[in-house]
Amino acid sequence: MQVSLFDDDAAANNQNNYHAQFRDLNDLYEQSKTCTKCRLAATRSNFVFGEGNPEAQIVVIGEAPGAEEDAQGRPFVGRSGKLLDKILEAVGFSRKSVFICNIIKCRPPENRNPNIDEIESCMPWLKTQLQLIKPRILLLLGRVAANTVLDNKQSMGTLRGKIIRWSGYDVIVTYHPAALLRNPNWKRHCWEDVKMLRSHYDKRVTSNQ
Ligand code: SF4
């Protein structure tokens, strides 16, 4: 079973009410940082909210914090984070110009995939982040993030290389930097994806089309 980011109208109404509980992203952070809604609270060192521009037009979403992220309380640090920084910089985006976060805010032990119940528990935080930031574009890193947000089971080969219109966002899917470190051959595809991100941003945001 996959968990959709926006399951149905009733859920959307609940999200609107939920969203209204928070003044801004800082308020959301303060109210979410001590979350104990799932078992991952017991094993985390740090809650990893995400960071970047609170009014970003691009939100970058990965799967879950790893060891370094858990230790520092920041998303995408360590080797895969440095690679993500380079990928973004290659197409003219600084880390501070976008907002970077994960579906799951606490590290699953041994970096296992998050369980469905953990995703269900954590998803309201991501939904609310998106409602407060109001980006136009989502960059989803890796199949777990893409299948979870888009509520499908499609392969990376099917998901990447195109703009997906979804729930009011323009979504681009590419490989997770950790996967690129394991499979450098995929970097060429990632490069194509982020060039598409740049040109879509220039069209949709800079030119406001
Ligand atoms: S993973 Fe998400 S739902 Fe679970 S404790 Fe952490 S913040 Fe809460």
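The model is predicted, so local features need pLDDT of at least 70, side-chain atom pairs count only at pLDDT 80 or more, and totals for chains, interfaces and linings use all residues. Residues are numbered from 1 along each chain as its sequence is written.

Confidence comes first. pLDDT is the predictor's confidence in each residue, from 0 to 100. Its mean over the chain is 91, and 90% of the residues reach 70 or more. Residues 6–16 stay under 50. For that stretch the model has five contacts beyond four places in sequence; a contact requires C-beta atoms, placed from the backbone, within 7 Å of each other. Where pLDDT is low, the predicted coordinates should not be read in detail.

The sheet is open and has six strands. Their order is S1-S3-S2-S4-S6-S5, with mixed pairing. Strand S1 (51–52) and S5 stand at the edges, each with a single partner strand, so one side of each lacks a neighbour in the sheet. Helices (H or I, at least four residues) and strands (E, at least two) are DSSP runs, numbered from the N terminus. Two strands pair if DSSP finds at least two bridges between them. S1 and S3 run antiparallel and are joined by two bridges. Here glycine 52 stands opposite phenylalanine 99 of S3.

Strand S2 pairs with two strands described here. With strand S3 (residues 99–102) the sense is parallel, over four bridges. Isoleucine 61 has cysteine 101 as its bridge partner in S3. S2 and S4 also run parallel, joined by four bridges. Isoleucine 58 has isoleucine 137 as its bridge partner in S4. S2 is mostly covered, with five of its five residues buried. A residue is buried if 20 or more other C-beta atoms lie within 10 Å of its own, exposed if 12 or fewer, and partly exposed in between, with C-beta atoms placed from the backbone. Ile58, Val60 and Gly62 lie on one side of S2, and Val59 and Ile61 on the other.

Helix H6 (residues 143–150) has Ala145, Ala146, Thr148, Val149 and Leu150 buried. These residues pack against strand S2 (58–62), strand S4 (137–141), strand S5 (164–166) and strand S6 (169–174), and also against helix H5 (116–133) and helix H7 (156–159). Aspartate 151 follows H6 and has a positive phi, near 55 degrees. Helix H9 (residues 187–206) lies across S2, S4 and S6, and runs at about 165 degrees to S6. Axes are lines fitted to C-alpha atoms, for helices over the stretch in contact, and angles run from 0 to 180 degrees between N-to-C directions.

Two loop residues also have a positive phi without being glycine. Asparagine 111, at about 60 degrees, lies in the loop between S3 and H5. It counts as partly exposed because it has 13 C-beta neighbours inside 10 Å. Serine 167, at about 50 degrees, lies in the loop between S5 and S6. Serine 167 has 15 C-beta neighbours inside 10 Å and therefore counts as partly exposed.

The ligand is surrounded by 14 residues. The closest are Cys35, Cys38, Ala41, Cys106 and Cys122. The shell divides into nine nonpolar, two polar and three charged residues. Ala, Val, Leu, Ile, Met, Phe, Trp, Tyr, Cys and Pro count as nonpolar, Asp, Glu, Lys and Arg as charged, and the others, Gly among them, as polar.

Terms used:
A residue is near a molecule or strand if its C-beta atom, placed from the backbone, lies within 6 Å of it. Two residues are in contact if their C-beta atoms, placed from the backbone, lie within 7 Å.
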